[in-house]
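Good morning, everyone. Today I will walk you through the open spaces in one protein model, and then a few details of its backbone. Please have a look at the picture.

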Amino acid sequence: MSFQDQLRSLFVDESQIPDEFRIEEVHQREYLSNGEMKPWDGDVTEVYSPVCLPTPDGLRRKLIGTYPVCTEKEAMEALDAAIAAYDNGRGEWPTMSLDQRIKCMEKFVYKMIEQRTLVVKLLMWEIGKSYADSAKEFDRTVEYINATIDGLKDIDRQSSRFEMAEGIIAQIRRSPIGVVLCMGPFNYPLNETFTTLIPALIMGNTLLFKPPKHGTLLHYPLLRAFQEAFPKGVVNTIYGRGADVTPGLMQTGKINVLAFIGSSKVANGLKKSHPKINRLRAVLSLDAKNAAIVTKHADLKLAVSECILGSLSFNGQRCTAIKMIFVHKEVADDFLRLLSESVSNLKIGLPWEKDVKITPLPEPHKPDYLKECIEDASANGARVVNENGGVTAESFVFPAVVYPVNDKMKLYREEQFGPVIPVVPYESIEEPIQYQIDSPHGMQVSIFSNDAKEISSLIDPFVNLVSRVNINAQCQRGPDVFPFTGRKDSAEGTLSVHDALRSFSIRSLVATKLNDANKQIINEIVHDNDSNFLSTKFIL
Ligand SMILES: O=C[C@H](O)COP(=O)(O)O
């Protein structure tokens, strides 16, 4: 196919979209607050897909629906509802037995699965993720919820045990914290939002949940599932411009936990709005500029295939994406040749196409920003190595390999979050180590080498600078049972099936002095099988 034909194939008429991928506009005129689906007749935000269709006025992003632009008033009402449902830890939800909470969560999953077709389609249309990856995101989320339920059962077993030391017998529990504000990112609007929302919920906290700007509508079909599965006021949604509604919520000082996945700039702003920062727990997953290091002893074919996955899955829009590749000068030519060949073979197309790898970008400013980064690199002596790399066509950006990148360029310093791969030649391993030391981020690194001694000498310098070192493998979050965090500006707190349950709870004790006077009381506790996080049969 000629390049012109390839470009034309990216913009099809509505009638050419296969039936199973078409979507009716979704107009959301309600939101969930205090157990009710409240009607909304105020301002709405129009949601445009990154998929552009031809119109009489030229190519236009397709309108797929609208959602409410609520104000601070509705946000505050939602906060009041969450506070009332928590009721200082005495509410129905925080005091419910774990078994019952699990039943509510199972009911939610059941209802969520009923909405799979629509949610997956909305995911694809809203953020331009391929249909295959959108379906994977949905299924991974369901698996995550089921694994979280199993994780809770483990905690339940542990909290039914009693520890004895220095004449004290104690039951160690995991108790909820209070009201959690949950905000997820556009790149995994369902999965990453739920990696905080679900554990926060199941641990007995009550929630305010603000969907991401790109990736809001897909949550609409799930609101009734939340409403039907959980008691009133436990899950409350917030809509509207973040800058209008979230600082006010934080300023009340009544948010106990901020669960935020997105940019460190926004996270810091939110944290600073809280009047008592020491009373706020933050669970954050933020910026990252993960490097891959390809040494002269690497299997270059393997390094290339992993670097492509790492750099270009979902167009490089992942916090765990490889956003910089250091390659040893001796193998740089071979590596670049293989890398640019593989990049040229990637299928660029519409999200529903089979085997598509590069799809349109949801953030309207992104193509211009990436172009600017490439121009800046060119002005400083680098070039795009692969044919058509960096070409933009409406919301599409053809993946680009840029070489040789150096520290004067934006691509060296900024998190591009898009399909552009900066490659830096190095001579001494001290260069990528120094890059990581100087970086404001510290999430992951990938090291490619077939020399076991070399690999083992590189693990220690990196493992104390980032939170995960990948050996001959791309950077990634999963499997979801593994801890997921970062250093410096990349994260606060740790996620994963089990870590998240800990992040959204505190360890508390019921400690009883072992003496004759307490014999009866101790018998009562030890034989109490109804292990419940908050309520005890008595208070000493
Ligand atoms: O955007 C950050 C995500 O946590 C990346 O997750 P992933 O590595 O599974 O794609």
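Let me start with what lines the largest pocket. By class, that lining has 23 nonpolar, 14 polar and 10 charged residues. This is a predicted model, so please keep that in mind throughout.

How big is the largest pocket? Its volume is about 1400 Å³. In total, 47 residues line the largest pocket. Closest to its centre are Phe-186, Lys-213, His-214, Val-266 and Glu-363.

Which element gives the largest share of that lining? Strand S4 does, with four residues. You will find S4 at 44-55. Other elements that each supply at least two residues include strand S5 (58-68) and helix H8 (242-251). Strand S11 (257-261) and helix H9 (264-273) also belong to that group.

Now move to the second largest pocket. Its volume is about 790 Å³. It is lined by 33 residues. Look for Asp-133, Lys-136, Tyr-188, Ser-313 and Phe-314, which are the closest to its centre. Two or more lining residues come from helix H5 (131-159), and likewise from helix H10 (300-312). H5 gives the most, with six residues. The classes here are 13 nonpolar, eight polar and 12 charged.

What takes up the space of the second largest pocket? The ligand does. So let us look around the ligand. Its surroundings include Arg-140, Asn-187, Tyr-188, Glu-192 and Arg-318. Also around it are Cys-319, Thr-320, Gln-476, Arg-477 and Phe-484. This shell has three nonpolar, three polar and four charged residues.

A polar side-chain atom of Tyr-188 lies 2.5 Å from an oxygen atom of the ligand. For Arg-318, an N or O atom of the side chain is 2.7 Å from a ligand oxygen. For Arg-477, a side-chain N or O atom is also 2.7 Å from an oxygen atom of the ligand. How much of the ligand does the protein cover? On its own, the ligand has 310 Å² of accessible area, and the protein covers 96% of that.

Next, the cavities. How many of 30 Å³ or more turn up in the whole structure? The search finds four. The second largest cavity holds about 50 Å³ of space. Its lining includes Tyr-144, Thr-195, Arg-477 and Asp-480. Phe-482, Phe-484, Leu-495 and Ser-496 line it too. Four of the lining residues are nonpolar, two are polar and two are charged.

Last stop, the backbone. Most residues other than glycine have a negative phi, and most peptide bonds are trans. Here are some exceptions to look up. The bond from Tyr-403 to Pro-404 is cis, with omega near -15°. Pro-404 sits in the loop between strand S18 (400-403) and helix H13 (410-413). The bond from Gly-478 to Pro-479 is cis as well, with omega near -10°. Where is Pro-479? In the loop between strand S22 (468-471) and strand S23 (487-488).

One residue remains. Phe-417 is not a glycine, yet its phi is positive, about 50°. Find Phe-417 in the loop between H13 and strand S19 (420-426).

That is my tour. Thank you.

Technical notes. Residues are numbered from 1 along each chain as its sequence is written. This is a predicted model: local features need pLDDT of at least 70, side-chain atom pairs count only at pLDDT 80 or more; totals for chains, interfaces and linings use all residues. Side-chain values use heavy atoms; hydrogens and water are left out. On a 1 Å grid over the protein atoms alone, a cavity is a set of points where a 1.4 Å probe fits but cannot get out, and a pocket is an open set with protein on both sides within 12 Å along at least five of seven lines; lining residues have an atom within 4 Å of a point. Grid points are joined across faces, edges and corners, and a volume is the space filled by probe spheres set on the points. Ala, Val, Leu, Ile, Met, Phe, Trp, Tyr, Cys and Pro count as nonpolar, Asp, Glu, Lys and Arg as charged, and the others, Gly among them, as polar. A residue is near a molecule or strand if one of its heavy atoms lies within 4 Å of it. A polar contact is a pair of N or O atoms within 3.5 Å; within protein, one must be able to donate a hydrogen and the other to accept it, and residues adjacent in sequence count only if both atoms are side-chain atoms. Accessible areas come from the Shrake-Rupley method with a 1.4 Å probe; for residues, only the protein chains shown count as cover. A molecule sits in a cavity or pocket if more than half of its atoms lie within 2 Å of its grid points.
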